[in-house]
Protein chains: 2
Amino acid sequence: MNSFKPKNRILMGPGPSNVHPRVLEALSRAPLGHLDPQFIELMDEIKSLLQYTFRTKSNAAFVLSGPGSLGMEACLVNLVEPGSEVVVCIGGYFANRMAQIVEKIGGVPVMVKDTWGRAFDPQKLEDTLNEHPGAKTVAFVHAETSTGALQNIKELSSIAHRYGCMVVADTVTSLGTTEVSVDEWELDAVYSCSQKGLACVAGMAPVVFSDRAQEFIKNRNKIGSWFNDLNLLMGYWSGEKRAYHHTAPSNQFYGLHEALILLKDEGLDNAWRRHKENSVKLIKKLNELGLKPLVPDGERIPNLITVLVPEGIDEAKVRAELLARHSCEIGAGLGELAGKVWRIGLMGYNSNEKMIDFFIGALKDVLKK
Amino acid sequence: MNSFKPKNRILMGPGPSNVHPRVLEALSRAPLGHLDPQFIELMDEIKSLLQYTFRTKSNAAFVLSGPGSLGMEACLVNLVEPGSEVVVCIGGYFANRMAQIVEKIGGVPVMVKDTWGRAFDPQKLEDTLNEHPGAKTVAFVHAETSTGALQNIKELSSIAHRYGCMVVADTVTSLGTTEVSVDEWELDAVYSCSQKGLACVAGMAPVVFSDRAQEFIKNRNKIGSWFNDLNLLMGYWSGEKRAYHHTAPSNQFYGLHEALILLKDEGLDNAWRRHKENSVKLIKKLNELGLKPLVPDGERIPNLITVLVPEGIDEAKVRAELLARHSCEIGAGLGELAGKVWRIGLMGYNSNEKMIDFFIGALKDVLKK
């Protein structure tokens, strides 16, 4: 069997995206032991960079050694006790997955549904909390990767706390590309991924737990996972003496560290502005081709645009031709949007005018415009 | 903050170990989407390479996107139903962790204990199965990374099956360095890691599930994890049309693929022989320094030697000086062997005479011999 030589793809789907050459180089540095003093220093730097990125002072800001969906399961399994009601605000595929996980781990999901492709209506959350006074947790997705809609999670979080609930927030597609203010918004368990706004390769889940969440988790009944148990993870990620939990993926961490430095050097505000501006430019050019975004203005994720597939177009064929002729990947619709939208990502390293021009050129060619 | 520049360590602890330059190079190739046709081909090749390495024909041979300890949790959470008895053969720290996980996920661990540093006595397993006729699963560690002892898992597995149990086997420290014959030994759920015998970086957990295990998992009650649910994972790893489950870490997979090719090119038999021969050489030289292995001859893991710390020696100081003066990492004792042994790894890329000579020289210097 031969060594694998990946084609050079232009990754303009919902993630992974292309990454800075410095990040790729970092991945191939010499591995270190998971308890090497130098590696512990690296972990501390990652923690500090994540505190900056998540806008939090929490001591429990660190990385899980698995992808964003592991982060989803980890946040829920720590915060949700068996038999406990969790209100899940569902306006897309990934919020739906949250409900599935709640059910898997023995919680009771209370599913509040709203239109896919729109910001979630806060009144619906409030009504549901009135109907379910026993609910202890509220869960939602900030930037719904399946629809392209951005929620007002500051408001959703504030409602949840008014009803005495803790908040689990998915920031998989928002972190690094649009404001995520964990402390100000009082989010209790937050997870993200490495391969979207953070512009690193896939496979890591940055997380934050608030002090309130940590206190609850310390005192709750048995957690149904050893690998994701926050109490055990904190023994490895904090304190004077680090206790071995699992063997951390050193080379993945090198990549994340490098990507977080690049983001900090740019500055969060600048990164948010860049994503917003490029999003506006892309949509303008898509409009010129007669293509319409699914999500109304003001409710859109800046880094992931869902575009309605025009009547009479074979959407899968367009994606296949973009890949075959231009080595460019975009995403298909998921769940109830399957076959109805394309998902176009402009994230991290890829959010720039050159990529927009390349993509519009490729799309024109494939659509024969 | 600056880019991270890891020191060039000689990794001679229980893993991670140093890796071939081809593996490091592979990690920095261009990322691919998790549903890219080329990536699916890579996954199929990894599956075929793992079938070779695990000596299995099972279709469920693939990689979990997290470290070996995630593999431990995944195998147990799929095979163990809540309330179900699991006999765990415990002769070290990692078997103990298996019992902890069984308890976490709602199973009932039946702990059979034997001497740390010795091969587990099969009679003890048989006696326990007689006393617990309701037990449905038997779990053990093939090569106990905390003690250096190798179990006769062929015999343990055969006893388990005689009592109608399925078998969960930890091959974290044995795979690639000593025989692991999943089909011949009738193991039902097997996990390993990437950073030891497979000579890759840390962060991936190769697994195999037997046909019998797959059948059971398809029909059992709800599995208490979404991320580790085999039924969902198989939707992504097998069949004509692959269903998105999580975003696989493409660059980690490149590294594993390259490492598995290197292992196959050498040949499993040759790799086992090399580890055995270098182990014998290392022990001979350690004996010459007056150091004694914990585990008796014939029961030792070839790639991880536990050495008794001589009277009057500050074991932590020796490790710290090896690291400071020779940039060489070895492992400390864990659990009841903490402070009593050093753990010296000669694994994968590092199992060669040059490493033995380097290490003995460094150890002589530190021990002032």
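Arg55(B) sits in the loop between α2 and β2 (60-64) of chain B, where helices (H or I, at least four residues) and strands (E, at least two) are DSSP runs numbered from the N terminus. Its phi is near 55°, a positive value in a residue other than glycine. Arg55(B) is partly exposed, with 15 other C-beta atoms within 10 Å; on this scale 20 or more other C-beta atoms within 10 Å make a residue buried, 12 or fewer make it exposed, and partly exposed covers what lies in between, with C-beta atoms placed from the backbone. The model is a predicted one, in which local features need pLDDT of at least 70 and side-chain atom pairs count only at pLDDT 80 or more, while totals for chains, interfaces and linings use all residues. Residues are numbered from 1 along each chain as its sequence is written, and chains are lettered from A and ligands numbered from 1 in the order in which they are written.

Ser327(A), not a glycine either, shows a positive phi of about 50°. It lies in the loop between α11 (315-326) and β12 (328-329) of chain A and is partly exposed, with 13 other C-beta atoms within 10 Å.

Then there are the cis peptide bonds. In chain A, the bond from Gly15(A) to Pro16(A) is cis, with omega near 10°, and Pro16(A) falls in the loop between β1 (10-11) and α1 (21-27). In chain B, the bond from Gly15(B) to Pro16(B) is cis as well, with omega near 5°; here Pro16(B) is found in the loop between β1 (10-11) and α1 of chain B.

Contact here requires C-beta atoms, placed from the backbone, to lie within 7 Å.

The contact draws 64 residues from chain B and 64 residues from chain A. On the chain B side, α1 (21-27), α2 (37-54), α3 (68-79), α4 (93-104) and α9 (250-266) each supply at least two residues, and α9(B) gives the largest share, eight residues.

Methods:
Two residues are in contact if their C-beta atoms, placed from the backbone, lie within 7 Å.
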